[in-house]
Amino acid sequence: MREKKFRGLEILTGDWVQGSHLKTVTGSEYIVPQNLIGNHLPQYAVDKDTVGEYTGLEDKNGKQIFEGDIIFIYDDEETESGWWENVIYHQGAFMAGDDNLLSNVHFRSKVIGNKYEGAEE
């Protein structure tokens, strides 16, 4: 079973935060860090358009892949050629673009950015 985790850009600082995703009845959205014990749980107001779910998969370097990431998919392990795709959630599955199940290509991919901040050149 994969870990249920989300990330989003905090409104005040512009930093990425990870944890549980909360929506309020007023339309505000928050990320609450996971695995905290105490009477006061910090919560971070996030831009709702930047919230993405953790796919449960990592790229070839061990970096966690989130919905909204841009990944470079290598043709094979011997070359540097390949193509880039956006990670999306579509019809019950995480996809790399419209054609590739992320679970079939994550091991030969590298996270190079996200659709909110762009990709590394």
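Student: In this predicted model, how many bridges join strand 1 to strand 5?

Tutor: The model is predicted. Strand 1 covers residues 6–9 and strand 5 covers residues 52–58, and the two run antiparallel. Within this pairing, Phe-6 stands opposite Glu-53. The number of bridges joining strand 1 to strand 5 is two.

Student: Is Gly-19 buried or exposed?

Tutor: Gly-19 has its place in strand 2, residues 16–23. The relative accessible area of Gly-19 is 1%, and the cut-off for burial is under 20%. Gly-19 is therefore buried.

Student: Where does Thr-26 lie, and is this residue buried or exposed?

Tutor: Thr-26 lies in the loop between strand 2 and strand 3 (29–32). Its side chain makes a polar contact of 2.9 Å with the side chain of Thr-24. The relative accessibility of Thr-26 is 68%, and the cut-off for exposure is over 50%. Thr-26 therefore counts as exposed.

Student: In the open sheet with the order 10-9-8-7-11-12, why is one side of strand 10 and of strand 12 left without a neighbour?

Tutor: Six strands form this sheet, and their pairing is antiparallel. Strand 10 (100–101) and strand 12 (118–119) stand at its edges. One side of each lacks a neighbour in the sheet because each has a single partner strand.

Student: Which residue of strand 9 stands opposite His-90?

Tutor: Strand 8 (residues 82–90) and strand 9 (residues 93–96) run antiparallel and are joined by four bridges. In strand 9, the residue opposite His-90 is Ala-93.

Student: What is the phi of Gln-91?

Tutor: Gln-91 lies in the loop between strand 8 and strand 9. At 74% relative accessibility, this residue counts as exposed. Most residues other than glycine have a negative phi. Gln-91 is not a glycine, yet its phi is positive, at about 50°.

Student: How many residues make up the largest nonpolar core?

Tutor: Members of this core include Leu-57, Ile-73, Phe-94, Ala-96 and Val-105. Strand 7 (69–74), strand 9 and helix 1 (102–105) each supply at least two of its residues. A second, separate core of five residues includes Phe-6, Ile-31, Val-46 and Val-51. In the largest core, the number of residues is 10.

Student: Leaving aside residues up to four places away in sequence, which residues does Val-105 touch?

Tutor: Val-105 is a member of the largest nonpolar core. In soluble globular proteins, nonpolar side chains tend to be buried together. With sequence neighbours up to four places away excluded, Val-105 touches Ile-73, Ala-96 and Asn-100.

Student: How many Å separate the backbone nitrogen of Glu-117 from a polar atom of the Asn-114 side chain?

Tutor: Asn-114 lies in strand 11, residues 109–114, and counts as buried at 6% relative accessibility. Beyond four places in sequence, its contacts are Arg-7, Trp-16, Gly-68, Asp-69 and Ile-70. From a polar atom of the Asn-114 side chain to the backbone nitrogen of Glu-117, the distance is 2.8 Å.

Definitions and conventions. Residues numbered from 1 in each chain as written. Predicted model: local features only at pLDDT ≥ 70, side-chain atom pairs only at ≥ 80, totals over all residues. Heavy atoms only, no water. Pairing = 2+ DSSP bridges. Core = buried A, V, L, I, M, F, W, Y, C linked by side-chain atoms within 4.5 Å. Buried < 20%, exposed > 50% of the residue type's maximum accessible area, 1.4 Å probe, protein only. Contact = heavy atoms within 4.5 Å. Polar contact = N/O pair within 3.5 Å; in protein donor to acceptor, adjacent residues only side chain to side chain.
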